[in-house]
Amino acid sequence: MTTMMTERTFRQRLFFLLLSLCILKGNCRYIEDNDILKDEFYSFFNSELRKETAQELLMYRRPLRCVDMVAVEGRFTFTAEHPQLSCAVFFMAEPDEVVNIEYDGVDIDCQAGDFITVFDGWVMKGEKFPSSQDHPLSLSERYVDYCDSTTSTRRSVRSSQNVAMIFFRVHNAGSGFTVTFRKVANPFPCNVISQSPEGAFTLVSPQQHSNCSFSIVYPVEVDISEFSILGLRGNFPKWPTSGCASDSEDMVQVLGGSGLDTSKMLSLTTLCSSSGRPSHVKVGCDNTVVRMVSSGRYVNRVSFSYRLLDSQELQRLRINNVEDICPAN
């Protein structure tokens, strides 16, 4: 019973995120709200989860819907039955993997306004994950348009984290495209969207100037068991404590909010490298993020676990005005 409720909660949370996903309008390459039926979303999302655990030996193949989510490797084909002007496909790999999308065949009319664009990350409700502050590429570099003459020769696109998406427009019936989705191991995952409301993870920044965010699209309790900063000569790890100096460039934050953009979320706890004890924090927001900020001068490492808050814990947080710490975007 508990497992069924957890799966349903996960599906519902992703459904309401996808309900507000950004798609294109007119000739601009930006995303707006799109409608999707709840039962329709549940049907294809449940199908993906079952196939994810099947460990298929052969290449999985299936047609794509105008709005779809893909979590299993395979070859996917979209064929328009009528003009489809605002479509998107969300791809998700495991936390320690990145997404690789390869074009196997494309039959669209770029001159007539058709396009296929891969975005390095996800966009929902007008917000991007990872945020511009946390992604290694500029915003323009994260969009790869098949119809762009400077990128049309690229046969594959690889993401920087475990999520990516394609949004596209096809005017003519019978036109479409085929892509192959593969998951590629990532030895140092930086930005992650978790598929589960419970688990444990470790983020490591190997002397890189970067911000790494682990997003959990649930209200959860986060238990940070270790935050260490190792110097070039192998300093011993130090436990975190709350509060940082104004000039601190290496820290861990626990953020809460209603959207995906970490720059619009509220910092609930900030940990720096000084003596202290492990940290625990309950976040009653729709999205909880563990974010590690690294100057690049050290090897930073944060280990944490997280679990879904039960209804009583959420009720207590609401009594304490959780809306005040979960800004609506």
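These legends describe close-up views of a predicted model.

**View 1. Four strands make an open sheet.**
The strand order is β14-β22-β16-β20. Pairing is antiparallel. Strands of a sheet pair through backbone hydrogen bonds, either parallel or antiparallel. Which strands stand at the edges? They are β14, residues 199–206, and β20, residues 279–283. Each has a single partner strand, so one side of each has no neighbour in the sheet. From one strand to the next, the twist averages 20°.

**View 2. Strand β14 runs antiparallel to β22.**
Strand β22 covers residues 299–308. How many bridges join β14 to β22? There are eight. Look for Gly199: its bridge partner in β22 is Tyr306. Tyr306 also belongs to an aromatic cluster.

**View 3. Cys66 and Cys87 form a disulfide.**
A search of the whole structure finds three disulfides. In this one, the S to S distance is 2.1 Å. The torsion about the S-S bond is about -95°, so the disulfide of Cys66 and Cys87 is left-handed. Cys66 lies in the loop between β1 (61–63) and β2 (67–70). Cys87 lies in strand β4, residues 84–92. The pair therefore ties together parts that are 21 residues apart in sequence. Are these cysteines buried or exposed? Both Cys66 and Cys87 are buried.

**View 4. A disulfide joins Cys110 to Cys147.**
Here the S to S distance is 2.0 Å. The S-S torsion of Cys110 and Cys147 is about -70°, so this disulfide is left-handed. The pair links distant parts of the chain, 37 residues apart. Cys110 sits in the loop between β5 (97–107) and β6 (115–119). Cys147 sits in the loop between β9 (143–145) and β10 (156–158). Why does Cys110 count as partly exposed? Its relative accessible area is 29%, and partly exposed covers the range between under 20% (buried) and over 50% (exposed). Cys147 is also partly exposed, at 25% relative accessibility.

**View 5. Cys190 and Cys212 form a disulfide.**
Their sulfur atoms are 2.0 Å apart. With -100° about the S-S bond, the link of Cys190 and Cys212 is left-handed. Cys190 lies in the loop between β12 (176–185) and β13 (192–193). Cys212 lies in strand β15, residues 210–216.

**View 6. Tyr60 and Phe76 form an edge-to-face aromatic pair.**
The whole structure holds 13 aromatic pairs. For Tyr60 and Phe76, the rings are 5.9 Å apart, centre to centre. The angle between their planes is 75°. Tyr60 lies in the loop between α2 (38–52) and β1. Phe76 lies in strand β3, residues 74–79. These parts are 16 residues apart in sequence, so the pair ties them together. Tyr60 counts as buried at 9% relative accessibility. Phe76 counts as buried at 0%.

**View 7. The largest nonpolar core has 29 residues.**
Which residues touch the most other members? They are Phe76, Phe91, Ile116, Ile166, Phe168 and Val179. Seven named strands each supply at least two residues of this core: β2, β3, β4, β5, β6, β11 (163–170) and β12. Strand β11 gives the most, with four residues. Now focus on Phe91. Leaving aside neighbours within four places in sequence, its contacts include Val70, Val99, Trp122, Ile166, Val179 and Phe181. Another core, of 25 residues, lies apart from the largest one. Among its members are Val252, Leu271, Val281 and Cys326.

**View 8. Ser132 and Ser263 are 8.6 Å apart in space, C-alpha to C-alpha.**
In sequence, Ser132 and Ser263 are 131 residues apart. Where is Ser132? Ser132 is in the loop between β8 (127–129) and α3 (139–142). Ser132 counts as exposed because its relative accessibility is 51%, and the cut-off for exposed is over 50%.

Methods
Residues numbered from 1 in each chain as written. Predicted model: local features only at pLDDT ≥ 70, side-chain atom pairs only at ≥ 80, totals over all residues. Heavy atoms only, no water. Pairing = 2+ DSSP bridges. Axes fitted to C-alpha atoms, helices over the stretch in contact; angles between N-to-C directions. Disulfide = S-S within 2.5 Å. Buried < 20%, exposed > 50% of the residue type's maximum accessible area, 1.4 Å probe, protein only. Phe/Tyr/Trp six-rings, centres within 6.5 Å; stacked < 30°, edge-to-face > 60°. Core = buried A, V, L, I, M, F, W, Y, C linked by side-chain atoms within 4.5 Å. Contact = heavy atoms within 4.5 Å.
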